[in-house]
Every structure is written in structure tokens, then in C-alpha cells.
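This report describes the structure shown below, going from its sheet and helices to its cores and to selected residues.

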Amino acid sequence: MTIDEIRERIRKLRTDPREFFKLLQVYDNNAGKLVPFVLTDTQSAYLDMLLTSNRIVIVKARQIGISTITRAYFLWKTWRSGEPIKHAVISYTRDSANHLHGIDKQFLVSLPEFLQRKMDKDAANTLRFADSGAELRTFTAGGKAGATRSFSFSSCHISEFAFFDDQSELLSNCIASVGDGQIVIETTVKEAGDFYSELVAGAEAGTNG
């Protein structure tokens, strides 16, 4: 590829997440190996929401790849940024947080060499690009709401939200940290009548933003 062709390729990858996703790989449990990341119809419809909405709540069925595409989307947002944006991932347990962080790292290393970016922090819970300062940071809340208190972020992804002890306080803290930035909540359900179910009902009714 010529320099101009590389520049045009990078421009397209920065503006079109679907083009970026074509370069990523995911682990296929059935095949026992890494395979290209190909969006399902469900994931594609969800991506359209991610690109147009700043407050999203997902009732998640297992094995449909919602966590995977959420991580791919926020990696793309962080990779394409020339600013030191900070993206938070909050998960209920250490194992689930490590799993989400592992998805981020796997996506990064699967990028072609000419798209690789130097990291100035590659730790157990943080990935930060050296040139822009843009970072992905993972928190383990252990069911507690104050995981991100005193932090400021551009966006936030909360995984397994229904299993947190104080869902309302957790969301309030995230809104305080993110402001008008994007917040994505995804979780399997726990019980009817909790704060999460109220969020879902409000989203369906169009009453809570």
C-alpha cells in the first residue's frame, strides 16, 4: 500500500466502526481458535443504537455477543480518538472484569501491524495509548456502587448491572462521572421489581431518556 492508500484506509477505519470490526478477531469456543469478528444481525442493530444514543439499557440473553460488541465499539472509540478520553468498564466480579479487559487486549493485538499503537500503560486494569492518552479502564465493584466515585470519564459500560447491591447509587455515580457522555448498561436479569427493571420499563415507555 502507498502512503496515500494507508491514510485513506485509516480515515475510513476512524469513521466507520463496521470497517474497523472487520480487522478484529474473537475466540470461537466451538472451533477452539480465533476467528474474524463478524457481526450478527442482533449485534448490527445494537451498533446502530450505540452510534445514535447516549443512554442504552440492554436486557441481555446469554451467548448473543452483547458484551463483545460493546467492547469492540468502545475500543474503536478510544483507538480513533486524538484526545485523552477515558472509558470506564465496571463489572460485578473480578473474573468478569478480567474477562472484559481480556476482550479489549485480544482485539488490540489482532489489529494489523500498521494500525498498532504504542501503549504507555498496559496493566491489569488499564490500557492507554501513548500518543493520545486515550484509555480503557476496568473496575471491579464487588457489588458496591462507589467504584468510580472521584473519577471523571467520557463514557461508561456497566456489565451485570442487575447484580449490584445499590443499582440506583451506582448509576448516579456513573452519571456524575460521565456527565453527558455515553452510558451503556447490559445485564442478564435477576428479579422483577428492582431498579434495573424500572429502567427497562422506562426505556420501553420512552419516559427516562
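Contact, as the word is used here, means heavy atoms within 4.5 Å. By that criterion Glu 160 touches Lys 60, Tyr 92, Glu 186, Thr 187 and Thr 188, not counting residues up to four places away in sequence. The model is predicted.

An open sheet is formed by 7 strands, in the order 3-9-8-4-7-6-5, with mixed pairing. Strand 3 (55–59) and strand 5 (119–122) are the edge strands, each pairing on one side only. On average, neighbouring strands of this sheet are turned by 10° against each other, direction ignored.

Strand 4 (residues 86–91) and strand 8 (residues 155–159) run parallel and are joined by 4 bridges. Opposite Ile 90 stands Ile 158 in strand 8.

## Helices across strands 3 and 9

Two helices lie across strand 3 and strand 9. Helix 3 (residues 41–50) lies across strand 3 and strand 9 (182–187) and runs at about 155° to strand 3. Helix 7 (residues 195–205) lies across strand 3 and strand 9 as well, running at about 115° to strand 3.

## The hairpin

Strand 1 (residues 25–28) runs antiparallel to strand 2 (residues 33–36), and 4 bridges join them. The bridge partner of Val 26 is Val 35 in strand 2. The two strands form a hairpin with 4 residues between them, and Gly 32 in the turn has a positive phi of about 70°.

In soluble globular proteins, nonpolar side chains tend to be buried together. The largest nonpolar core here has 33 residues, of which Phe 20, Phe 21, Leu 24, Phe 37, Tyr 46, Phe 107 and Leu 111 touch the most other members. At least two residues of this core come from each of helix 2 (17–21), helix 3, strand 3, helix 4 (66–80), helix 5 (94–110) and strand 6 (126–129). Helix 4 gives the most, with 8 residues.

Another core lies apart from this one and has 18 residues, including Ile 158, Leu 170, Ile 183 and Tyr 196. Ile 158 is also the residue that stands opposite Ile 90.

## Helix 4 and Thr 70

Helix 4 has 15 residues and reaches 21 Å from its first C-alpha to its last, close to the 21 Å expected at 1.5 Å a residue. The helix is mostly covered, with 12 of its 15 residues buried. Among the buried residues are Ile 66, Ile 69, Tyr 73, Phe 74, Leu 75, Trp 76 and Trp 79, along with Ser 67, Thr 70, Arg 71 and Thr 78.

Thr 70, in helix 4, counts as buried because its relative accessibility is 0%, and the cut-off for buried is under 20%. Leaving aside neighbours within four places in sequence, Thr 70 is in contact with Tyr 46, His 157 and Val 184. Tyr 46 is one of the residues that touch the most other members of the largest core.

## Glu 160

Where does Glu 160 lie? Its place is the loop between strand 8 and helix 6 (167–178). The phi of Glu 160 is near 55°, a positive value in a residue other than glycine.

Is Glu 160 buried or exposed? With a relative accessible area of 15%, Glu 160 is buried, because buried means under 20%. Thr 187, one of the residues that Glu 160 touches, also takes part in a polar contact, its side chain and that of Glu 160 being 3.2 Å apart.

## Arg 55

Apart from neighbours within four places in sequence, Arg 55 is in contact with Ile 175, Gly 179, Asp 180, Gly 181, Gln 182, Ile 183 and Gly 209. Two of these contacts involve backbone oxygens. That of Gly 179 lies 2.7 Å from a polar atom of the Arg 55 side chain, and the side chain of Arg 55 reaches the backbone oxygen of Gly 181 at 2.4 Å. Arg 55 and Ala 88 are 33 residues apart in sequence, and their C-alpha atoms are 15 Å apart in space.

Terms used
Residues numbered from 1 in each chain as written. Predicted model: local features only at pLDDT ≥ 70, side-chain atom pairs only at ≥ 80, totals over all residues. Heavy atoms only, no water. Pairing = 2+ DSSP bridges. Axes fitted to C-alpha atoms, helices over the stretch in contact; angles between N-to-C directions. Core = buried A, V, L, I, M, F, W, Y, C linked by side-chain atoms within 4.5 Å. Buried < 20%, exposed > 50% of the residue type's maximum accessible area, 1.4 Å probe, protein only. Expected span 1.5 Å × (residues − 1). Polar contact = N/O pair within 3.5 Å; in protein donor to acceptor, adjacent residues only side chain to side chain.
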